[in-house]
Amino acid sequence: MLYRQKKDTYIRNYDGSGYITSTGIWNDRMVNESGTVFLCALSREPQTLDELAEKIIKSFVDVDKETIKKDAEEFYKTLIEDGFIIKGETKEELDAKDTGFTYTAILPKTEREDFTPTIQRADSDTQEFLEKHFKDKPHLTSFQIELTSRCNERCVHCYIPHDLKLYDITEEMYYNTLEQLSKMGVLSVTLSGGEPMCHPKFKEFLRAAKKYDFYVNILSNLTLLDDETIEIMKEGNVSSVQVSLYSMIPEHHDAITTVKGSFEKTKNSILRLIENDLPVHVSCPTMKGNKDDFDDVMKWCHEHKIRAQTDYIMMAEFNHETSNLAHRLSVEEAGEVIKQISLGDEDYQKAIMAPDFVERCNQNCFNLERRLCGVGVSSCCMVANGNVYPCPGWQEMVLGNLKEDTLLNIWDNSEKIKWLRGLKMKDLGNGECCKCDKAAFCAPCMVRNANESPTGNPLEINRHFCAVAQKNKEIVLNWREAQFKKLGK
């Protein structure tokens with residue numbers, strides 16, 4: 001019998017803790033030290049139980065091979081049952097079983113449960129899992145590379161100043177960065193921009209990323225997608241392609257990108273990715289220009305079994321220019337979106353109607369000693385000029401530059417990243433947020449604070465988002481009260 005990890009399964013050894021994740025079943029798992037030995041014996045090449053046992057036995061003392069084989073068979077059985085690995089008599093049988101992601105396998109039940117706007121899978125779940133695991137021992141697992149700041153669209157809400165969209169990453173820096181990421185055991189690499197396909201070497205860069213067995217994501221508007229790129233994505237088993245679709249009304253979408261015809265190109269490219277069984281994730285940022293359109297985008301995505309989400313949050317440009325915020329929803333407009341998203345979710349409605357809901361909301365205050373943010377715990381980013389920064393959008397917070405330093409040294413020793421990791425909730429707004437009664441409806445964010453602050457202060461409270469949290473709370477509690485009145489309670 002032959003054993004092999006599936007093509008959409010990725011395995012890493014994080015300081016003696018084994019980790020396996022699948023982009024096909026949107027699941028992951030951590031195993032203990034001994035389980036790590038069994039896990040890391042697997043590969044993308046077929047191996048017999050004897051061959052696996054020969055590799056495993058080297059890590060144990062006074063254990064015979066038959067015992068190892070028995071334990072390995074039992075260990076791998078659970079991974080097979082859960083869809084992480086496959087076994088078969090021949091390589092051909094393994095290939096037949098290794099179907100990978102396909103839209104035809106997504107049933108209406110799955111669509112109903114998992115493809116709602118308020119549920120994000122794969123990337124966010126994995127990232128959350130890893131951040132929790134590494135909260136006391138930061139380990140870089142996810143890295144975003146801006147291939148180019150150039151873009152063929154000029155979206156009205158973009159946090160990157162349009163006059164700075166000029167630069168491409170050099171080939172030398174790109175390949176050197178991949179090498180460093182591989183040595184650090186990084187799991188996920190996201191290729192972004194600007195528009196990454198504007199880089200003349202995008203296709204070569206995409207092929208190279210898969211050679212290191214990274215879980216590869218692409219952030220793109222898809223207007224430049226062609227047949228060759230689709231084939232490279234399929235050959236490299238790209239894990240996720242994220243694209244923004246602002247409206248199903250072409251004129252509204254094009255008004256946001258400021259490029260006529262962009263809607264048709266993006267929509268048609270999404271359909272081509274679906275035809276080729278490439279996982280698509282649609283983001284629909286909601287702003288004044290499409291505040292009445294996002295629901296139709298969600299419905300279209302659900303009909304096509306695409307993961308989708310909307311977001312009514314908009315941040316200022318990273319150089320503190322705020323002209324793009326003219327397109328941000330007012331507090332009242334954000335409230336209307338909240339009503340549609342939150343109160344259209346049956347599971348959330350059930351939670352709201354729970355007898356102890358109000359009590360739990362009132363008790364839900366921010367812990368003074370809670371880590372303020374997950375930045376620098378398991379992920380960070382870089383731009384085309386080599387600057388490394390904590391998270392997308394916070395390009396002013398430069399942790400170091402890869403022309404002058406190694407990524408490992410920046411990750412371990414940057415004074416700024418150490419400062420960020422050490423921040424607690426009590427540091428935000430001099431502790432004001434820890435006394436707030438809207439904590440259950442708020443998610444403070446340092447990059448939003450910093451970008452909108454004239455001084456770039458990430459600990460300065462952003463009053464707009466305070467007002468949105470208050471509106472969120474009012475909407476939910478008023479809805480709850482109205483439901484109880486209907487029920488005569």
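Modeller: Before we look at this predicted model, note that helix axes are lines fitted to C-alpha atoms, over the stretch in contact, and that angles between N-to-C directions run from 0 to 180 degrees.

Biologist: At roughly what angle do the axes of helix 2 and helix 3 cross?
Modeller: Two packed helices are described by the angle between their axes and the distance between the axes. Here the axes of helix 2 and helix 3 come within 9 Å, and they cross at roughly 110°.

Biologist: Are helix 2 and helix 3 roughly parallel or roughly perpendicular to each other?
Modeller: The crossing angle is roughly 110°, and angles of 65 to 115 degrees count as roughly perpendicular. The two helices, helix 2 and helix 3, are therefore described as roughly perpendicular.

Biologist: Which residues in helix 3 does helix 2 meet?
Modeller: The helix 2 side of this contact consists of L49, D50, L52, A53, E54 and I56. Counted by class, the contact of helix 2 with helix 3 has five charged, no polar and seven nonpolar residues.

Biologist: Is D62 buried or exposed?
Modeller: D62 sits in the loop between helix 2 (49-56) and helix 3 (65-81), and its phi is positive, near 60°. Because its relative accessibility is 78%, and the cut-off for this class is over 50%, D62 counts as exposed.

Biologist: Where is T258, a residue with a positive phi of about 60°, found?
Modeller: Most residues other than glycine have a negative phi. T258 is not a glycine, yet its phi is positive, and at 43% relative accessibility T258 counts as partly exposed. T258 is found in the loop between helix 10 (250-257) and helix 11 (262-275).

Conventions
Residues numbered from 1 in each chain as written. Predicted model: local features only at pLDDT ≥ 70, side-chain atom pairs only at ≥ 80, totals over all residues. Heavy atoms only, no water. Helix = DSSP H or I, 4+ residues; strand = E, 2+ residues; numbered from the N terminus. Buried < 20%, exposed > 50% of the residue type's maximum accessible area, 1.4 Å probe, protein only. Parallel < 35°, antiparallel > 145°, perpendicular 65-115°, else oblique. Contact = heavy atoms within 4.5 Å. Nonpolar A, V, L, I, M, F, W, Y, C, P; charged D, E, K, R; others polar.
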